[in-house]
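Subject: Structure for you to look at

Hi,

Here is the structure I promised to pass on. Please open it first, then read my notes below.

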Amino acid sequence: MKKTIFSITAIAALAIGMIGCGAKKDGGGAMSGSNAEKVYVAPGEHDEFYAFISGGFSGQLAVYGLPSGRLFKVIPVFSQDPEKAYGYSEETKPLLETSYGFIPWDDAHHPDLSQTKGVIDGRWCFINGNNTPRIARIDLKTFETVETIEIPNSAGNHSSSYVTDNTEYVVAGTRFAVPVPQRDMPISEYKGNFKGALSFLAVDPTSGEMDIAFQIMMPGFDYDKAHPGRGKSHGWFFFTTYNTEEANSLMEVNSSQNDKDFIAAVNWKKAEEYMAAGKFKTMPANYAHNIYSDRTHSATTTWKKEVKVLNPAECPGLVYFLPTPKSPHGCDVDPSGEYIVGSGKLSANVTVHSFTKMLDAIKNEKYDGEAYGIPILKFEDVLGGTVVQPGLGPLHTEFDDKGNAYTTFFISSEVVKWKLGTWEVLDRKPTYYSVGHLMIPGGNSQKPWGKYLLAMNKITKDRYLPTGPELCQSAQLYDISGDKMELLSDFPTIGEPHYAAACPADLIKPNSQKIYKLEKNEHPWVAKSEKETKVTRKGNEVHVQMTMIRSHFSPDNIEGVKVGDKVYFHVTNLEQDFDVPHGFAMIGANTSELLIMPGQTETIVWEPKRVGVWPMYCTDFCSALHQEMQGYVRVSPVGSSTQLSWSLDGE
Amino acid sequence: MKTINLIVAAAMLVMFASCGGDEPKQEGSAAAPESMVKKEAPGKDLGVGPIKSVELGEIDPALVATGLATFEAKCTACHKMGKRFVGPDLTDVYDRREPEWIMNMILDPELMVKENEAARQLLMEYSAPMANQNLTEEEARGVLEYFRTLK
């Protein structure tokens with residue numbers, strides 16, 4: 001019976017398929033089976049796009065494929081990850097070092113991809129840590145976090161980590177104004193005393209390494225979101241502000257008093273001139289700069305002791321304020337660089353400023369007063385257009401390659417498509433529910449690939465099987481290749497996704513590294529062959545230089561370890577083949593396991609507490625003899641005369 | 001029932017044929033493979049892989065030295081001379097195998113185990129599949145040269 005039904009269904013489906021054959025596939029509607037087809041990537045086939053989706057309060061970055069929505073990897077960035085020993089292994093711990101000490105988590109927000117000439121180049125992904133202000137760089141050859149840098153004088157690194165057209169800078173603006181330098185003072189004296197630092201991190205074009213080139217010390221507003229100028233506005237950076245009231249309590253009321261806040265337009269080319277002319281002040285600071293090396297397979301921390309600061313009141317032409325209604329959140333610049341979209345989250349309209357008009361207003365000094373020495377331009381003189389009442393609670397805008405903009409509306413849970421220049425609303429589609437960010441591959445650059453739109457939702461309520469009080473957040477994929485948007489699929493995300501970045505897989509896939517070459521391994525405790533394995537003692541420190549290959553450890557029998565010792569397992573994976581990692585686990589290890597890629601060396605510390613003979617084993621199924629990949633460490637009492645020895649197969 | 005499925009299959013073929021745009025993928029041939037193991041020329045088992053022939057001259061001491069270094073770095077975790085270990089004793093491997101077979105086993109052990117009977121027998125005997133250590137052809141040639149010096 002079932003078979004009959006199946007066959008009839010198959011024939012019916014086939015009939016539809018045959019009728020559909022040759023016709024356009026964007027028909028849509030509930031009867032269309034094509035939505036499933038559009039997101040179906042057959043087993044063994046690859047997705048068209050990589051998407052890097054922020055892991056929000058998980059502190060991590062998730063790598064998905066689009067259109068399938070399949071999760072490939074969670075890249076640990078700001079939080080420890082015992083699965084991969086990130087932040088637990090001796091080599092990766094320094095990546096989480098800060099001036100506050102070792103911080104095992106953060107709230108990761110806005111990933112952005114490196115660009116060349118305003119086009120995504122697939123080299124690096126940057127992402128900001130919001131709580132303990134930091135920016136991280138992920139190398140897209142290895143999909144590993146290779147650098148973290150702390151941002152001094154900042155608190156709530158939210159208007160971050162967006163990159164300029166040629167990745168000259170990645171930006172880090174503070175959300176919370178704070179006393180600069182920090183000091184003991186009454187909170188009520190906030191107004192006029194607190195400051196908001198906007199940091200510009202220069203990116204080395206070859207190595208990708210970041211360095212804080214300068215900070216602009218702005219008035220004590222909240223700097224919410226940011227976007228670099230593109231194309232014609234290259235050289236400028238735009239930041240939305242709220243709390244221009246400079247309130248310090250019951251902010252939801254007290255920082256929503258002004259009819260308009262500002263978009264701060266920063267001329268960073270001018271800043272470079274002021275820096276070259278020596279107009280900066282050098283401030284003492286203390287912040288961590290952590291870099292991971294693929295040669296030593298280890299990260300190191302450098303302590304930076306000063307930062308260069310520009311005061312906009314002393315630097316004419318550096319910053320202008322563009323009045324923007326109602327606590328603007330999203331700050332987005334279209335691919336041409338002409339339009340700066342400010343989404344007043346309490347406004348019924350979406351405000352769009354014109355870069356050309358802004359330059360004209362600056363040239364003709366059409367000022368409407370100033371704030372802390374920074375000229376305020378007249379709203380009417382910079383206004384490019386208004387999208388009238390498109391929805392409730394506008395947040396973020398991205399762009400396609402056909403002159404359209406797409407804005408999310410948190411309160412009315414929808415994505416609205418509108419036309420740049422005419423400001424007319426073209427289409428709207430619901431989201432499920434309470435959408436925050438959205439992303440179009442390349443949609444914040446000069447070259448969007450306007451095929452898909454990903455909306456990221458804060459709330460899922462009834463969308464999936466319930467999992468108790470805590471529910472997942474989600475991403476929803478829309479086809480935007482036609483006139484009307486079409487919802488294709490939705491899938492859960494890790495943490496709360498604040499923004500994402502995506503690009504065609506071809507920009508990254510060919511460069512993806514397969515192994516680390518053993519001969520290039522410069523780890524100080526590497527054993528490049530079984531001949532080089534050994535165990536050495538330095539006081540109560542025992543260093544085991546161990547190797548692994550399918551499917552044994554060398555050595556796999558160790559004696560002479562004593563209770564109270566600190567045993568460092570420096571484990572090198574001798575494999576030189578793609579996708580053959582090995583794991584390493586030691587009973588009673590208080591840290592984590594290790595997961596070691598071919599040619600890599602990693603280290604964990606084990607502090608044996610009890611006498612006995614204790615096993616270790618490989619945690620990553622590596623071959624048919626994986627279960628045999630095991631060994632023993634003999635632990636003797638304190639003061640025992642058992643000599644340090646190690647062996648494999650009796651040798 | 002079978003008839004209906006056949007009709008479906010036939011209709012699908014028609015559909016694919018009529019849709020010029022979507023070329024059907026070349027799936028693995030439906031016909032049963034004759035044998036997974038390729039036939040070897042009698043007496044000479046060259047194995048399968050990138051190496052079709054090896055030219056051998058006088059033993060080149062420089063090449064032996066680099067081959068030994070490569071062997072020490074990439075192979076000794078599983079092979080010990082004069083002793084069966086994870087893998088076979090290789091002291092007389094040059095006498096047992098064709099030079100092409102040796103290099104193919106080094107360069108593409110996965111393919112060898114799949115398609116070469118002798119390699120498959122080794123897997124049965126030793127259980128541990130030989131690891132591909134990603135040697136270059138040049139490095140594998142060096143290892144072969146080193147094997148030539150062993151007895």
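In the sheet, L438(A) stands opposite A455(A), which sits in β32(A). Bear in mind that this is a predicted model.

**The sheet**

That residue pair belongs to a wider pairing. β31(A) and β32(A), residues 452–457, run antiparallel and share three bridges. Together with β33 and β34 they make an open sheet of four strands in chain A. The order is β31-β32-β33-β34, and the pairing is antiparallel. β31 (435–439) and β34 (486–493) of chain A are the edge strands. Each has a single partner strand, so one side of each is left without a neighbour in the sheet. On average, neighbouring strands here are turned by 25° against each other, direction ignored.

**Helix α4**

Now to another part of chain A. Helix α4 covers residues 268–276. Which of its residues are buried? They are W268(A), A271(A) and Y274(A). Seen down the axis of α4(A), the buried residues fall within an arc of 100°, so they line one face of the helix. K269(A) and A276(A), on the other side of α4(A), are exposed.

What do the buried residues of α4(A) pack against? The partners are strands of chain A: β11 (169–174), β13 (194–203), β14 (210–219), β16 (236–242), β17 (260–267) and β19 (298–310).

One backbone detail to finish. Just after α4(A), G278(A) has a positive phi of about 75°.

Best wishes

How values were computed. Residues are numbered from 1 along each chain as its sequence is written. Chains are lettered from A and ligands numbered from 1 in the order in which they are written. This is a predicted model: local features need pLDDT of at least 70, side-chain atom pairs count only at pLDDT 80 or more; totals for chains, interfaces and linings use all residues. Two strands pair if DSSP finds at least two bridges between them. Helices (H or I, at least four residues) and strands (E, at least two) are DSSP runs, numbered from the N terminus. Axes are lines fitted to C-alpha atoms, for helices over the stretch in contact, and angles run from 0 to 180 degrees between N-to-C directions. A residue is buried if 20 or more other C-beta atoms lie within 10 Å of its own, exposed if 12 or fewer, and partly exposed in between; C-beta atoms are placed from the backbone. The arc is that of the directions from the helix axis to the C-beta atoms. Two residues are in contact if their C-beta atoms, placed from the backbone, lie within 7 Å.
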